[in-house]
Amino acid sequence: MRKTILIVEDEPSIAKLQRDYLEASGFRTEIAPNGELGLERGLSGKFDMIVLDLMLPRMNGFEVCRQIRDNLDVPILMVTARREDIDMIRGLGLGADDYITKPFKPAELVARVKAHLSRYERLKGLSGLTNEVEVREIRMDPDSRRVFVRDAEVTLTTKEFELLHFLAIHPNRVFSKDQLFERIWESTRWATLRR
Ligand code: CA
């Protein structure tokens with residue numbers, strides 16, 4: 001699915017430059033031309049990342065960043081005209097993920113956007129927002145108990161699922177039959193007994 005980036009930028013030529021390069025790299029974009037709109041759109045939760053100018057009419061980038069950060073976990077790349085601003089933003093602890101100064105190379109902007117998106121995806125995976133496990137061509141979702149091999153769904157019994165899932169979340173480790181028995185069969189037996 002294409003990722004959507006919110007561009008909060010009041011200078012039309014810069015907003016257009018960012019939009020053109022991001023869209024050429026496969027992203028969808030939306031432009032908010034002032035801070036108030038940027039905050040409103042940013043809080044909609046529809047965006048995978050926000051590229052946020054610092055000096056904006058109606059509400060500055062500091063405030064927009066702070067309010068979005070208080071409400072949402074979305075990567076924010078701040079764009080500043082002056083290098084000195086970066087220290088100030090850091091000092092304020094607004095929680096921006098990265099900073100880029102104007103004039104920037106559009107390719108660098110795109111590279112940073114991509115880097116932060118993939119970092120967020122990794123963190124999301126680690127924090128358990130998605131419990132899906134992927135090992136080579138097998139994909140398992142323990143929440144729905146569904147298993148896919150090369151995107152084709154296969155049906156497993158409960159124990160088969162647990163065994164495969166256990167092995168999938170412990171890649172490159174060897175377990176004895178006893179260990180597996182204990183982990184898969186005994187643990188469920190105990191869980192049943194305790195009820
Ligand atoms: Ca500006």
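In which sense do strand β6 and strand β7 pair, and over how many bridges? Keep in mind that this is a predicted model. Select residues 133–135 for β6 and residues 138–141 for β7. The two strands pair in the antiparallel sense, over three bridges.

Now pick valine 135. Opposite valine 135 stands isoleucine 138 of β7. Two residues lie between the strands of this hairpin. Click arginine 136: its phi is positive, near 45 degrees.

**On to β8**

Select arginine 139, then phenylalanine 148 in β8: they are bridge partners. β7 and β8 also form a hairpin, this one with four residues between the strands. In its turn, arginine 145 has a positive phi of about 60 degrees.

**Helix α1**

Color Ile14, Ala15, Gln18 and Leu22, which are buried in α1. Why do they sit on the same side of α1? They cover an arc of only 100 degrees around the axis.

Turn the helix around. On the other side of α1, Pro12, Ser13 and Ala24 are exposed. Then step past the end of the helix to glycine 26, which follows α1 and has a positive phi, near 95 degrees.

**Arginine 41**

Next, show helix α2, residues 35–42, and select arginine 41 within this helix. The arginine 41 side chain makes a polar contact with the side chain of glutamate 30, at 2.5 Å. Leaving aside residues up to four places away in sequence, arginine 41 touches Leu6, Glu30, Lys46 and Phe47.

**The calcium ion**

Last stop: center on the calcium ion. Which protein donors does it have? They are Asp10 (OD), Asp53 (OD) and Met55 (O), at 2.1 to 2.3 Å from the ion. Along the chain, the donors follow the spacing D-x42-D-x1-M.

Are aspartate 53 and methionine 55 buried or exposed? Aspartate 53 is buried, with a relative accessible area of 3%. Methionine 55 counts as exposed, at 52% relative accessibility.

Terms used. Residues numbered from 1 in each chain as written. Predicted model: local features only at pLDDT ≥ 70, side-chain atom pairs only at ≥ 80, totals over all residues. Heavy atoms only, no water. Buried < 20%, exposed > 50% of the residue type's maximum accessible area, 1.4 Å probe, protein only. Arc of directions from axis to C-beta. Polar contact = N/O pair within 3.5 Å; in protein donor to acceptor, adjacent residues only side chain to side chain. Contact = heavy atoms within 4.5 Å. Donors = N, O, S within 2.8 Å, 3.2 Å for Na, K, Ca; no water. Pairing = 2+ DSSP bridges.
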